[in-house]
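Could you walk me through this model in the viewer? I have it open and would like to know what to select next and what is there.

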Amino acid sequence: MDKHRVWQQLEQLCATESSLHLRDLLQVQDRFSRFSFRQDELLLDLSRQRLTTNTLTQLLQLADSCDLAQWIESLFNGERINHTENRAALHTALRLPAEATLEHQGEDLVALVQTDLQRMQHLVEQLHQGQWRGFSGEPIDTLVNVGVGGSDLGPMMVCRALDGFQAPTARQITTHFISSMDGSQISGLLDQLDPARTLFVVSSKSFSTADTLANAATALDWLIRASGLTTELLARRHFIAVTANAPRAEAWGIPVENQLHFRDWVGGRYSLWSTIGLAIAVRIGMSGFRALLDGAHRMDMHFRHTPFSHNLPVLLALAEVWNINFLGIHAHAILPYDGRLAHLPAYLEQLEMESNGKSVDRQGNRIEHHTCPVLWGEIGPNAQHAFYQLLHQGSEAVMCDFIVPARRYADQSDALQSQHRLTLANCLAQARVLALGDAAVDQSNATPWQRYQGNQPSTLILLDELTPASLGALIALYEHKVFVQSVIWNINPFDQWGVELGKQVANSLLDIIGTPATTNRFDIATEGVLNQLHGQWSDRKNTEC
Ligand code: F6P
């Protein structure tokens with residue numbers, strides 16, 4: 001059936017089903033078994049989504065009407081589905097096992113990826129064995145990843161999540177992440193570091209991102225001042241470039257021997273699986289890194305080969321499409337009930353909003369319906385004391401993702417284990433109250449301001465445990481969900497033209513910050529502030545004189 005027709009049918013269905021309340025849907029005895037799905041160590045529970053079997057059947061027809069199966073094959077086969085940049089999106093190739101085969105543009109991609117990984121492994125071993133030495137001959141004990149967006153958020157999120165998986169025999173290498181353009185992170189950090197033992201990993205696919213290059217320049221300046229040595233020597237001992245643009249990294253001063261590479265068919269926000277994951281491999285060892293890749297690969301295989309009716313990324317995507325396009329829910333909260341996943345919301349903000357935050361389709365036409373919702377999040381238990389008030393009693397409909405491991409602290413103290421039980425109880429309680437509202441307990445005597453409407457849909461993702469493999473599967477689940485939604489919305493999820501204009505305009509302003517604004521070059525508001533800045537800077541100069 002054609003997409004337009006299925007879409008209309010879903011609209012009609014919504015007219016009758018949108019009034020259904022989760023407190024009634026959750027009365028159906030087999031609802032949990034019908035709406036929860038397992039893949040390896042990950043359970044996807046959609047029973048608190050406002051779906052009926054009928055809705056799901058029609059949503060699956062919507063997926064078929066958009067040729068989803070064909071698009072999935074195009075993704076995995078390396079077709080140039082990122083058509084506005086004329087390239088493939090082959091992050092799944094980074095997770096293929098060494099014995100797999102995949103040719104792309106006449107190249108053996110698996111061999112290429114394995115070579116990159118082996119170079120990364122060599123570097124990780126050198127660091128772990130204390131063989132990488134700084135300018136004074138002392139071994140490096142601190143790694144600072146300098147990057148932004150996908151060259152920061154992915155490795156930082158995973159390093160934090162898997163902090164407990166450090167390779168026991170490896171030397172401890174402390175890892176820091178620097179991203180902010182304004183220098184506030186790096187200026188605070190440098191005071192605490194020993195320049196002779198610090199290695200900067202400049203992570204940038206393009207090696208042209210102003211934020212990253214500014215931080216790298218500050219790091220280099222700090223090393224020069226501390227050592228009195230030349231840029232050339234310091235770049236050899238204290239800088240690694242991780243990039244898809246070797247010539248630019250070399251022009252910056254980092255020789256090819258100090259570079260790790262990945263290819264332009266890996267999107268920035270899909271790059272943690274590439275050598276951009278160096279900080280992860282240093283933290284958890286190469287075997288841990290390979291387990292992360294393997295967990296993601298198993299989710300890839302599930303996504304590619306499982307019928308849509310049992311396919312986790314497809315089902316998750318469709319449940320959200322129902323919320324966004326039919327129930328009119330345009331806010332999405334990411335709520336991990338595990339502090340190790342503290343950076344997951346920020347990571348998903350980029351993955352989802354940079355991929356699908358678009359309103360023009362693949363053919364260049366304006367899209368008439370909603371696409372990616374506003375997405376934000378926080379560690380769930382902390383958010384309970386902050387913005388949950390709005391989730392429970394505000395005027396906005398919000399869909400929520402609860403993410404929690406079933407087991408934690410297995411071989412640690414009883415006190416910590418009871419903290420985990422407390423966390424699980426809170427996670428389930430919040431999902432229950434959001435769904436059922438007042439009906440979660442007897443609220444018959446409640447005042448109006450103590451009432452809870454409920455019917456806020458949520459997804460619960462239960463990991464058996466948080467491990468490199470389960471985290472890999474979790475991230476791949478979200479990546480593929482985003483892809484499925486892009487197919488339904490007819491969007492290219494792999495470009496990000498919306499961020500380019502701001503960079504261009506910043507460049508045009510850079511040279512004149514602090515000088516009086518010439519009229520009519522910008523707009524009244526910008527020129528007003530430029531003149532204010534000029535006034536402030538001249539006052540400061542006069543005072544200093
Ligand atoms: O400006 C957006 C963006 O291009 C992201 O897509 C990307 O992850 C980030 O900047 C960093 O880019 P790079 O790795 O090239 O420095």
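Start by selecting Glu354 and Arg269: they form a salt bridge in this predicted model, with their closest N and O atoms 2.8 Å apart. Glu354 belongs to helix 14 (residues 344–356), while Arg269 sits in the loop between strand 9 and helix 12, so the pair ties together parts that are 85 residues apart in sequence. Colour by accessibility and you will find Glu354 partly exposed, at 22%, and Arg269 buried, at 4%.

Next, go to Asp116 and Arg263, another salt bridge, with 2.8 Å between the closest N and O atoms. Asp116 is in helix 6 (residues 109–128) and Arg263 is in the loop between strand 9 (259–261) and helix 12 (278–305), so this contact connects parts 147 residues apart in sequence. Here Asp116 is buried, with a relative accessibility of 14%, and Arg263 is partly exposed at 25%.

For one more, select Asp30 and Arg34, whose side chains meet in a salt bridge at 3.1 Å, N to O. Asp30 is partly exposed at 31%, and Arg34 is partly exposed at 40%. A search of the whole structure gives 26 salt bridges.

Now for charges over rings. Select Arg31 and Phe35: Arg31 lies over the face of Phe35, 4.4 Å from the ring centre. Then try Arg95 with Trp273, where the charged end of Arg95 sits over the ring, 4.5 Å from its centre.

Time to turn to the aromatic pairs, of which the structure holds 12. One of them is Trp322 with Phe326, a stacked pair with 5.6 Å from centre to centre and 25 degrees between the planes. Both residues lie in helix 13 (residues 312–326), 4 residues apart, about one turn of the helix. Trp322 is buried, at 0% relative accessibility, and Phe326 is buried too, at 10%.

Move on to Phe483 and Phe494, also stacked, at 6.1 Å centre to centre and 25 degrees between the planes. Phe483 is in helix 18 (residues 468–489), and Phe494 is in the loop between helix 18 and helix 19 (500–510), 11 residues apart. Both of these residues are buried.

Then select Phe200, Phe207, Trp222, Phe239 and Trp252 together to see a cluster linked by ring pairs.

Finish at Asp523, in the loop between helix 19 and helix 20 (524–544). Asp523 is partly exposed, at 39%, and a polar atom of its side chain lies 3.1 Å from the backbone nitrogen of Ala525.

Notes. Residues are numbered from 1 along each chain as its sequence is written. This is a predicted model: local features need pLDDT of at least 70, side-chain atom pairs count only at pLDDT 80 or more; totals for chains, interfaces and linings use all residues. Side-chain values use heavy atoms; hydrogens and water are left out. Rings of Phe, Tyr and Trp (its six-membered ring) pair if their centres lie within 6.5 Å; planes under 30 degrees apart count as stacked, over 60 as edge-to-face and the rest as tilted. Helices (H or I, at least four residues) and strands (E, at least two) are DSSP runs, numbered from the N terminus. Buried means under 20% relative accessible area, exposed over 50%, partly exposed in between (1.4 Å probe, protein chains only). A charge sits over a ring if NZ of Lys or CZ of Arg is within 6 Å of the ring centre and within 35 degrees of the ring normal. A polar contact is a pair of N or O atoms within 3.5 Å; within protein, one must be able to donate a hydrogen and the other to accept it, and residues adjacent in sequence count only if both atoms are side-chain atoms. A salt bridge is a side-chain nitrogen of Lys or Arg within 4 Å of a carboxyl oxygen of Asp or Glu.
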